[in-house]
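Here are some friendly notes to read with the model open beside you. Take the points one at a time, and find each residue on screen before moving on.

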Amino acid sequence: MKPVKSADRRVANIYEAAFEPFVFPDGVSLGDGVLQLNDAEPLGVGFHVYRMPPGMTTRPHRHNGHEQFLILEGELIENDGTVFRKGDLVWLRDGTEHCSHTPNGCLLAVHIAGPETTVE
């Protein structure tokens, strides 16, 4: 077996790497960040690690494709009051509308199939 070429592999430590600020198409930024190695997808689409700062609430949005995430640190509270904690693996169906809040910040491993649509 041949060694993997350096151009064919990217590695980042989630506790040391710089997260890219997530900015909505309308220019709004809420202080959250994304660590994503696949630059062939838009930021926040596909597999990535997502960091929310303490006190942040996401914009209400609709998923265009299924979303799955694993809480690595902290807790996340959904708009319906459901609380997700470290170790919770969550799946949301395509078309789901929601928003989330984190009182003390959280870190998630996420896979999103397609760009989200903001729901106001």
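1. Is Gly44 buried or exposed? Please keep in mind that this is a predicted model. Gly44 is buried, because its relative accessible area is 11% and the cut-off for buried is under 20%. You will find Gly44 in the loop between S2 and S3.

2. Now step back and look at the whole protein. There are eleven strands and zero helices, so the pattern along the sequence reads β-β-β-β-β-β-β-β-β-β-β. The C-alpha atoms fill a box of roughly 50 × 25 × 25 Å along the principal axes. The radius of gyration is 15 Å, which agrees with the value near 14 Å that a compact globule of 120 residues would have. Of the 120 residues, 35% are buried.

3. Stay with the loop from the opening point for a moment. Glu41 is found in the loop between strand S2 (29-35) and strand S3 (46-52). Glu41 has a relative accessible area of 37%, so this residue is partly exposed; the range for that word runs between the 20% limit for buried and the 50% limit for exposed. Glu41 and Gly114 are 73 residues apart along the chain, yet their C-alpha atoms are separated by 9.2 Å.

4. Another loop is worth a visit. Met56 is found between S3 and strand S4 (61-62). Met56 counts as buried because its relative accessibility is 5%. Between Met56 and Thr82 there are 26 residues in sequence and 16 Å in space, C-alpha to C-alpha.

5. How many aromatic pairs does a search of the whole structure find? The search finds two. In one of them, the ring centres of Phe22 and Phe24 are 5.1 Å apart and the planes stand at 90°, so the pair is edge-to-face. Both Phe22 and Phe24 are buried.

6. Phe69 and Phe84 form an aromatic pair too, and that pair is edge-to-face, with 5.7 Å from centre to centre and 80° between the planes. Phe69 belongs to strand S5 (residues 67-78) and Phe84 to strand S6 (residues 83-85), so the pair ties together parts that are 15 residues apart in sequence. Phe69 is buried, and Phe84 is buried as well.

7. Next, look for charges placed over rings. The charged end of Arg59 sits over the ring of Phe24, at 4.5 Å from its centre. Arg51 lies over the face of Phe19, with 3.8 Å to the ring centre.

8. Finally, turn to the empty space. Rolling a probe the size of a water molecule over the atoms shows where such space is left. The largest pocket holds about 620 Å³. Its lining has 35 residues, and those closest to the centre are Phe22, Phe24, Gly44, Ile112 and Glu116. Strand S1 (20-23), S2, S3, S5, strand S10 (106-112) and strand S11 (117-118) are the elements that give two or more residues to this lining.

9. What kinds of residues make up the lining of the largest pocket? There are 19 nonpolar residues, eight polar and eight charged.

Notes
Residues are numbered from 1 along each chain as its sequence is written. This is a predicted model: local features need pLDDT of at least 70, side-chain atom pairs count only at pLDDT 80 or more; totals for chains, interfaces and linings use all residues. Side-chain values use heavy atoms; hydrogens and water are left out. Helices (H or I, at least four residues) and strands (E, at least two) are DSSP runs, numbered from the N terminus. Buried means under 20% relative accessible area, exposed over 50%, partly exposed in between (1.4 Å probe, protein chains only). Rings of Phe, Tyr and Trp (its six-membered ring) pair if their centres lie within 6.5 Å; planes under 30 degrees apart count as stacked, over 60 as edge-to-face and the rest as tilted. A charge sits over a ring if NZ of Lys or CZ of Arg is within 6 Å of the ring centre and within 35 degrees of the ring normal. On a 1 Å grid over the protein atoms alone, a cavity is a set of points where a 1.4 Å probe fits but cannot get out, and a pocket is an open set with protein on both sides within 12 Å along at least five of seven lines; lining residues have an atom within 4 Å of a point. Grid points are joined across faces, edges and corners, and a volume is the space filled by probe spheres set on the points. Ala, Val, Leu, Ile, Met, Phe, Trp, Tyr, Cys and Pro count as nonpolar, Asp, Glu, Lys and Arg as charged, and the others, Gly among them, as polar. The radius of gyration is taken over C-alpha atoms; the globule rule is 2.2 Å times the number of residues to the power 0.38.
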